[in-house]
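The sequence and the structure are shown first.

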Amino acid sequence: MLADNLKQVQQSIQNACDQVGRSYSEVTLVAVTKTEDVPTTQAMIALGQFHLAENRSDKFLTKKQAINNPMVVWHYIGNLQRRKVKDIINEVDYFHALDSLKLADEIQKRAQKVVKCFVEVNVSGEESKHGFTLEETKDFILSLHAHDKIEVVGLMTMAPFDSTVSEQHAIFNKLKQMQCEIEHMALEYAPCHELSMGMSNDFPIAVLEGATYVRVGTALFK
């Protein structure tokens, strides 16, 4: 079951890449294991899927300790409370939800290494979503110049779950344009080469629009 699901997702990524002349190697599949137990997560790792994502601090720390595999690349997705930063930030490889200056300050204070961060952008304007508006994003990244423990590797967004295909294209395309603008600023602390966007219901659209990291859970573990 897991092997079949993984192959289907990988094939969907390949198909999307083929449509727009991209290489499959440009896209990193991140398996969202936040609702899965340790044996299921280990079964996915055994299939060669090493990029894993969690969004609950307690469950993440327990699972990472139980798995204890140096091959795994851990992604923390979703909101991170500032009081939890000290527990989490030195245990993850990528953080996908940098959404405030206060959170950046806390990461700067607690991090013992440079943390690869995606700045969260609320492109759709959904009230339930965290993140900066497109208009705020560039100024926020400029404000991080003294935060030497933060490397802005890219931008992240989520399309509304009930969005249409055309709306998904528009949202992801807007983030791609913003990513290119920031990349062209050539900031040493914010190379911004990457785009984290696309989940189980819309990741092929995200790949068509330039996603380099897709976060897929349901389609892998259904």
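Thr 137 belongs to helix α6, which spans residues 134-142. Helices (H or I, at least four residues) and strands (E, at least two) are DSSP runs, numbered from the N terminus. A polar atom of the Thr 137 side chain lies 2.8 Å from the backbone oxygen of Thr 133. A polar contact is a pair of N or O atoms within 3.5 Å; within protein, one must be able to donate a hydrogen and the other to accept it, and residues adjacent in sequence count only if both atoms are side-chain atoms.

When residues up to four places away in sequence are not counted, Thr 137 touches Val 119, Val 121, Phe 132, Leu 155, Met 178 and Ile 182. Contact here means heavy atoms within 4.5 Å.

## Basis of the model

The model is predicted: local features need pLDDT of at least 70, side-chain atom pairs count only at pLDDT 80 or more, and totals for chains, interfaces and linings use all residues. Residues are numbered from 1 along each chain as its sequence is written, and side-chain values use heavy atoms, with hydrogens and water left out.

Thr 157 is located in the loop between β6 (150-156) and α7 (165-184). With a relative accessibility of 1%, Thr 157 counts as buried. Its side chain reaches the backbone oxygen of Val 121 at 2.6 Å.

Neighbours within four places in sequence aside, the contacts of Thr 157 include Val 121, Asn 122 and Val 123. Ile 171, Phe 172 and Leu 175 are also among them, as are Ser 196, Met 197, Gly 198 and Arg 215.

## Parallel strand pairing

Strands β1 (residues 28-32) and β2 (residues 51-54) run parallel and are joined by two bridges; two strands pair if DSSP finds at least two bridges between them. Ala 31 has Leu 52 as its bridge partner in β2. Between β1 and β2 the chain passes through helix α2 (residues 38-46), and this β-α-β crossover is right-handed. A crossover is right-handed if, with the strands pointing away from the viewer, the path from the first strand over the helix to the second runs clockwise. Four bridges pair β2 with strand β3 (residues 73-76), again in the parallel sense, and His 51 has Val 73 as its bridge partner in β3. A right-handed β-α-β unit is formed by β2, helix α3 (residues 57-67) and β3.

β1 also pairs with β8 in the parallel sense, over four bridges, with Tyr 213 of β8 as the bridge partner of Thr 28. In a regular strand the side chains alternate between the two faces of the sheet. In β8 (residues 213-216), Tyr 213 and Arg 215 point one way, while Val 214 and Val 216 point the other way, and all are buried.

Cys 192 lies in the loop between α7 and β7, with a phi near 50°.

Are these residues buried or exposed? Ala 186 counts as exposed at 66% relative accessibility, whereas Cys 192 counts as buried at 0%.

## Overall dimensions

The protein contains nine helices and eight strands. Its radius of gyration is 17 Å, close to the 17 Å given by the globule rule for 222 residues, so the protein is as compact as a globular protein of that length. The radius is taken over C-alpha atoms, and the rule is 2.2 Å times the number of residues to the power 0.38. Along the principal axes, the C-alpha atoms fill a box of roughly 45 × 40 × 30 Å.

Of the 222 residues, 48% count as buried. Among contacts between residues at least 6 apart in sequence, 55% join residues at least 24 apart.

How values were computed:
Buried < 20%, exposed > 50% of the residue type's maximum accessible area, 1.4 Å probe, protein only.
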